[in-house]
Amino acid sequence: MLKFNGIPVPDFITIESFISVFRQKHEDLIYEECYNIGEAHNFWEFLYLEEGEINVLVDGELHCLLPGQLIIYAPFSFHSVSSSSDAVINVVSFSCKSSSLSGLSNIAIDLSSEQVSALRSIITLSEECFFLPTEISDERGMFLRKDIPNLALQKLAKLVELFLIDLCRNYSPVSKANTDDKNNPLDEQFAALTTFLSYNLHRFLSAEEISSELSISVSKLSKLCKAQCGCGPIDYFLSLKIGAAKRMISEKRLNLTQISEKLGFSSVHYFSRLFKAKTGITPSEYAKNAEH
């Protein structure tokens with residue numbers, strides 16, 4: 001009898017469940033928490049900008065997306081969004097235990113025409129599978145239609161897996177030239193704000209102290225932050241602190257007490273509470289996840 005070799009197929013990316021898959025204009029969004037104070041969740045999510053402009057703040061780092069660009073949020077990444085009124089976005093949120101996406105997380109990516117076409121197929125099929133609630137409730141995410149076509153949900157999962165595999169193989173990071181060449185007074189003020197806050201992560205500052213340093217009113221400071229990163233100045237400051245904390249935890253040079261002291265927290269317990277409030281997990285849990 002002939003012997004045939006069986007070649008194992010590696011489990012690179014497997015979608016376990018969907019939370020949200022939709023295409024929508026900014027003014028039609030039902031959930032606006034991430035457009036106000038930011039949010040974090042325990043699942044993966046990517047946002048593709050179809051039209052308009054959008055600023056995405058992820059763990060203290062600001063990304064200015066233009067049409068044709070996509071960003072992937074890693075689980076427990078604190079993010080907020082500010083966009084132009086004509087922005088049209090595509091969002092896919094899903095559970096996936098694979099670590100293969102880590103190299104693409106929290107960075108902006110240029111999509112090819114083939115990748116855009118693949119994403120359109122995902123969104124089109126998702127409309128056959130899910131519907132978005134028209135009213136806010138305690139439940140988040142999409143709802144499954146009762147009359148979905150046979151095997152449509154599994155096909156949707158495979159399409160997303162293939163899309164993500166293609167991104168991992170052929171992704172193109174956004175050039176800094178796309179986002180850094182704006183001669184806008186607001187951009188200059190926000191850059192000054194970011195520089196000031198970054199040099200003062202060891203302190204806790206009030207909105208009044210920040211506005212005084214920048215020589216603008218508190219109301220103008222709030223409008224500046226909302227326009228640039230979708231949240232208020234204090235939440236932006238906390239986002240910078242969380243981003244710094246995550247980097248220090250991943251570097252493993254300091255323990256949690258030392259990190260909390262460097263970031264100006266009165267105690268490691270307060271640091272842990274705030275970290276969990278913003279990310280959904282404690283610093284210790286984040287450290288364990290960073291090891292994998």
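Which residues in α7 meet which residues in α9? I started my notes with that one.

**Ground rules.** I am working with a predicted model, where local features need pLDDT of at least 70, side-chain atom pairs count only at pLDDT 80 or more, and totals for chains, interfaces and linings use all residues. Residues are numbered from 1 along each chain as its sequence is written, and side-chain values use heavy atoms, with hydrogens and water left out.

**Entry 1: α7 against α9.** I looked up the contact (heavy atoms within 4.5 Å). From α7, Asp235, Leu238, Ile242, Ala245, Lys246 and Ile249 meet Phe271, Leu274, Phe275, Lys278 and Thr279 of α9. Helices here are DSSP runs of H or I with at least four residues, strands are E runs of at least two, and both are numbered from the N terminus. Helix α7 covers residues 233-251 and helix α9 residues 268-279; their axes come within 11 Å and cross at roughly 105 degrees. Axes are lines fitted to C-alpha atoms, for helices over the stretch in contact, with angles from 0 to 180 degrees between N-to-C directions. So α7 is roughly perpendicular to α9; the label covers 65 to 115 degrees. I sorted the contact by class and got seven nonpolar, one polar and three charged residues. Nonpolar is Ala, Val, Leu, Ile, Met, Phe, Trp, Tyr, Cys and Pro; charged is Asp, Glu, Lys and Arg; the others, Gly among them, are polar.

**Entry 2: the cavity.** I use a 1 Å grid over the protein atoms alone: a cavity is a set of points where a 1.4 Å probe fits but cannot get out, a pocket is an open set with protein on both sides within 12 Å along at least five of seven lines, and lining residues have an atom within 4 Å of a point. Volume is the space filled by probe spheres set on the points, which are joined across faces, edges and corners. Helix α7 gives the most, four residues. By class I have seven nonpolar, no polar and one charged.

Entry 3: The largest pocket has about 700 Å³ of space. Of its 24 lining residues, Trp44, Pro75, Phe76, Ser102 and Asn289 are closest to the centre. Helix α10 (283-290) gives the most to this lining, three residues. I count 10 nonpolar, 10 polar and four charged.

**Entry 4: the sheet.** I found three strands in an open antiparallel sheet, order β4-β3-β6; strands pair if DSSP finds at least two bridges between them. At the edges, β4 (61-65) and β6 (79-83) each pair on one side only. Strand β3 (54-58) pairs with β6 over five bridges, and Val58 stands opposite His79 of β6. Helix α6 (218-229) lies across β3, β4 and β6, at about 95 degrees to β6.

Terms used:
Angles under 35 degrees count as roughly parallel, over 145 as roughly antiparallel, 65 to 115 as roughly perpendicular and the rest as oblique.
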